[in-house]
Amino acid sequence: MPAQGQRGQEPAPQVPGYVAGFEPAMRIALAEAEAASAAGGDDADVPVGAVVLDPAGKRIAKAHNRREAEGDPTAHAEIEAIRAAARVIGSRRLDGCTIVVTLEPCTMCAGAMVLARLARLVYGAVDPKGGAAGSLWDVVRDRRLGHTPEVIGGVLAAECGALLRDFFAARRRPER
């Protein structure tokens with residue numbers, strides 16, 4: 001289901017205990033996000049982190065943005081975590097797995113989630129400029145793609161959003 005306001009459909013129901021159950025994994029994703037920007041200066045990556053949980057809820061992969069570090073435009077946290085999880089499982093299909101990410105995924109990452117057949121996407125902050133899980137587009141719930149993961153947004157959204165706002169505010173400040 002698209003986010004509220006998208007094509008007149010209602011948002012996915014938020015069950016407090018269910019959503020709170022993803023907070024520990026989101027905290028790990030937040031730590032990964034902080035690692036992305038640790039290089040500082042122009043070499044810092046946008047602070048986005050991701051964690052993949054197996055069907056039992058055990059963490060099997062974690063990653064953060066590495067676009068600047070690797071010089072690779074596809075080295076988003078989600079792609080890196082999906083690749084690592086596929087290596088752990090030994091398959092490109094991540095059936096039953098959940099990805100927890102600090103920022104609503106872009107179209108590339110949302111497409112990768114569908115192709116990996118992830119069961120669930122959990123994200124923190126909304127990305128109104130490039131989000132593809134209900135904000136700007138809704139790739140993950142487009143039934144034409146043959147697989148539609150469950151989507152839960154807003155987990156620790158304030159913390160995830162603050163990390164991004166602080167990062168970009170620091171980049172805009174003139175050097176002193």
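I'll start with one side chain. Phe168 has a relative accessibility of 35%, so it counts as partly exposed. Please keep in mind that this is a predicted model.

How do Phe167 and Phe168 pair? Their rings are edge-to-face, with 5.0 Å from centre to centre and 80° between the planes. The structure holds one aromatic pair, and this is it. For anyone new to this, two numbers describe such a pair: the distance of the ring centres and the angle of the planes.

Now to the helix around them, H6, which covers residues 157–172. With 16 residues at 1.5 Å a residue, H6 should span 22 Å, and its end C-alpha atoms are 23 Å apart, which agrees. Which residues of H6 are buried? They are Cys160, Gly161, Leu163, Leu164 and Phe167. They take up an arc of only 155° around the axis, which means they sit on the same side of H6. The general point is that an α-helix has 3.6 residues a turn, so residues three or four places apart point the same way. On the face turned away from that buried side, H6 carries the exposed residues Ala158, Arg165, Asp166 and Arg172. As for what the buried residues of H6 pack against, the list is helix H2 (23–36), strand E3 (98–103) and strand E4 (120–125).

That brings me to H2. Its 14 residues should span 20 Å at 1.5 Å a residue, and the end C-alpha atoms are 20 Å apart, which agrees. The buried residues of H2 are Ala25, Met26, Ala29, Leu30, Glu32, Ala33 and Ala36. Looking down the axis of H2, you find them within an arc of 160°, so they line one face of the helix. They pack against strand E1 (49–53), strand E2 (59–64), E3, E4 and H6.

The largest pocket has a volume of about 330 Å³. It is lined by 19 residues, and the closest to its centre are Val46, Val48, Leu103, Asp127 and Leu164. Which element gives the most to this lining? H6 does, with four residues.

Most residues other than glycine have a negative phi. Leu156, which is not a glycine, has a positive phi near 55°. It lies in the loop between strand E5 (150–152) and H6. Leu156 counts as buried because its relative accessibility is 13%. The other case is Arg117, also not a glycine, with a positive phi of about 60°. Arg117 is found in the loop between helix H5 (107–115) and E4. Is Arg117 buried, exposed or partly exposed? Its relative accessible area is 25%, so it is partly exposed.

Last, Met113, which lies in H5. With a relative accessible area of 1%, Met113 is buried. Leaving out residues up to four places away in sequence, Met113 touches Glu78, Ile82, Ile99, Pro105, Leu118 and Leu121. Met113 and Ile79 are 34 residues apart in sequence, yet 8.5 Å apart in space, C-alpha to C-alpha.

That is the end of my part.

Definitions and conventions:
Residues numbered from 1 in each chain as written. Predicted model: local features only at pLDDT ≥ 70, side-chain atom pairs only at ≥ 80, totals over all residues. Heavy atoms only, no water. Helix = DSSP H or I, 4+ residues; strand = E, 2+ residues; numbered from the N terminus. Expected span 1.5 Å × (residues − 1). Buried < 20%, exposed > 50% of the residue type's maximum accessible area, 1.4 Å probe, protein only. Arc of directions from axis to C-beta. Contact = heavy atoms within 4.5 Å. Phe/Tyr/Trp six-rings, centres within 6.5 Å; stacked < 30°, edge-to-face > 60°. 1 Å grid on protein atoms, 1.4 Å probe; cavity = no way out; pocket = protein on both sides within 12 Å on 5 of 7 lines; lining within 4 Å. Points joined across faces, edges and corners; volume = space filled by probe spheres on them.
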